[in-house]
Amino acid sequence: MSVFRTYPMRRIRKEEIFLKKILSPSILAADFSILGKQITEADEAGAEYIHIDVMDGVFVPSISFGMPVISTIRKVTDRFFDVHLMIVEPERYIEEFAKCGADGITFHLEATEDVDSVIDKIHCAGCRAGLSIKPETPVEAVRPYLAKLDMLLIMTVEPGFGGQKYIPASTKRIGEARRMAEEMGLSTNIQVDGGITTDNVSVVLDAGANVIVAGSSVFRGSIGENIRRYLEIFSEKSVGKN
């Protein structure tokens with residue numbers, strides 16, 4: 001398992017902020033009969049992260065997969081495992097998810113009564129810490145925790161089901177999150193998840209997101225061609241910013 005050491009964020013000037021654009025294909029949209037093969041295709045096409053949604057049927061209506069699946073696919077790739085916990089009381093399982101292969105663990109603000117403690121548990125387990133908020137949760141609610149986070153995930157659909165359409169109001173929320181981070185002098189990664197396609201990814205990149213979760217738009221059709229198109233857009237958006 002790849003372990004990323006987490007250090008306190010350096011305070012930076014706004015003009016210094018340039019964050020790498022990263023694609024995180026969500027295996028929730030993959031064909032599970034050939035999951036290992038499809039992850040390998042995504043890896044070889046240049047996807048840097050693999051997004052893994054863990055759903056408990058309580059915090060969200062759906063049930064997905066857990067630690068055994070993560071442990072199994074960890075053997076297929078050494079790409080960054082971007083594990084998104086949509087479960088109640090995520091603090092119960094942080095160490096287990098880290099041991100089975102998670103590199104980054106993102107949990108929901110709405111799912112725990114002690115956000116600070118969960119962030120600390122994730123860092124102590126040797127993983128990067130992310131915090132997610134649902135579409136109806138004010139972006140301002142993350143301010144007390146932002147300086148401790150490696151990533152903030154703005155859900156751009158209601159969590160729990162793949163294949164939903166992007167909520168247009170999310171664009172403003174992404175911008176609010178990026179401005180908050182800049183005002184605090186932070187280089188926080190801002191991730192978006194839900195309804196992202198090559199047709200609208202430029203909108204969320206322009207708004208301030210830099211880590212893009214994409215499911216159906218990666219795993220339907222040619223995985224390699226779909227990922228290459230995303231990376232082309234990322235490259236176009238990065239021209240002149242290096």
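Which residue just after α1 takes a positive phi? The residue is G46, with a phi of about 115°. The model is predicted, so its local features need pLDDT of at least 70 and side-chain atom pairs count only at pLDDT 80 or more, while totals for chains, interfaces and linings use all residues. Residues are numbered from 1 along each chain as its sequence is written, and side-chain values use heavy atoms, with hydrogens and water left out. Helices (H or I, at least four residues) and strands (E, at least two) are DSSP runs, numbered from the N terminus.

**Sheet**

Eight strands make up an open sheet with parallel pairing, in the order β1-β8-β7-β6-β5-β4-β3-β2. The edges are taken by β1 (22-25) and β2 (49-55); each has a single partner strand, so one side of each is left without a neighbour in the sheet. From one strand to the next, the twist averages 25°; the axes behind such angles are lines fitted to C-alpha atoms, for helices over the stretch in contact, and angles run from 0 to 180 degrees between N-to-C directions. Two strands count as paired if DSSP finds at least two bridges between them. Strands of a sheet pair through backbone hydrogen bonds, either parallel or antiparallel.

| Strand pair | Bridges |
|---|---|
| β5 and β6 (residues 151-155) | four |
| β6 and β7 (residues 189-193) | five |
| β7 and β8 | three |

In β6, five of five residues are buried, where buried means under 20% relative accessible area, exposed over 50% and partly exposed in between (1.4 Å probe, protein chains only). M151, L153 and M155 point one way from β6, and L152 and I154 point the other way. Towards β7, M151 has N189 as its bridge partner, and L152 has I190.

β7 is likewise mostly covered, with five of its five residues buried. N189, Q191 and D193 point to one side of β7, whereas I190 and V192 point the other way. On the β8 side, V192 stands opposite I212.

The loop between α5 (170-183) and β7 holds L186. L186 is buried, with a relative accessible area of 1%. L186 and L146 are 40 residues apart along the chain, and their C-alpha atoms are separated by 8.3 Å.

**V211 in β8**

V211 belongs to strand β8 (residues 211-214). V211 has a relative accessible area of 0% and is buried. Leaving out residues up to four places away in sequence, V211 touches I22, S24, Y49, M151, N189, I190, Q191 and V192; contact means heavy atoms within 4.5 Å. V211 and E41 are 170 residues apart in sequence and 19 Å apart in space, C-alpha to C-alpha.

**Helix α1**

Helix α1 spans residues 35-45, and its buried residues are L35, Q38, I39, A42, D43 and A45. An α-helix has 3.6 residues a turn, so residues three or four places apart point the same way. The cover over the buried residues of α1 includes the strands β1 and β2 and the helices α2 (67-73), α7 (216-219) and α8 (223-238).

**Cavity**

One cavity of 30 Å³ or more is found in a search of the whole structure. On a 1 Å grid over the protein atoms alone, a cavity is a set of points where a 1.4 Å probe fits but cannot get out, and lining residues have an atom within 4 Å of a point. Grid points are joined across faces, edges and corners, and a volume is the space filled by probe spheres set on the points.

The largest cavity has a volume of about 80 Å³. Its lining consists of Y49, F80, D82, G104, I105, T106, R128, A129, G130, D150, M151 and N189. At least two lining residues come from each of β3 (80-86), β4 (104-108) and β5 (128-133). By class, the lining has five nonpolar, four polar and three charged residues; Ala, Val, Leu, Ile, Met, Phe, Trp, Tyr, Cys and Pro count as nonpolar, Asp, Glu, Lys and Arg as charged, and the others, Gly among them, as polar.

Notes: On a 1 Å grid over the protein atoms alone, a cavity is a set of points where a 1.4 Å probe fits but cannot get out, and a pocket is an open set with protein on both sides within 12 Å along at least five of seven lines; lining residues have an atom within 4 Å of a point.
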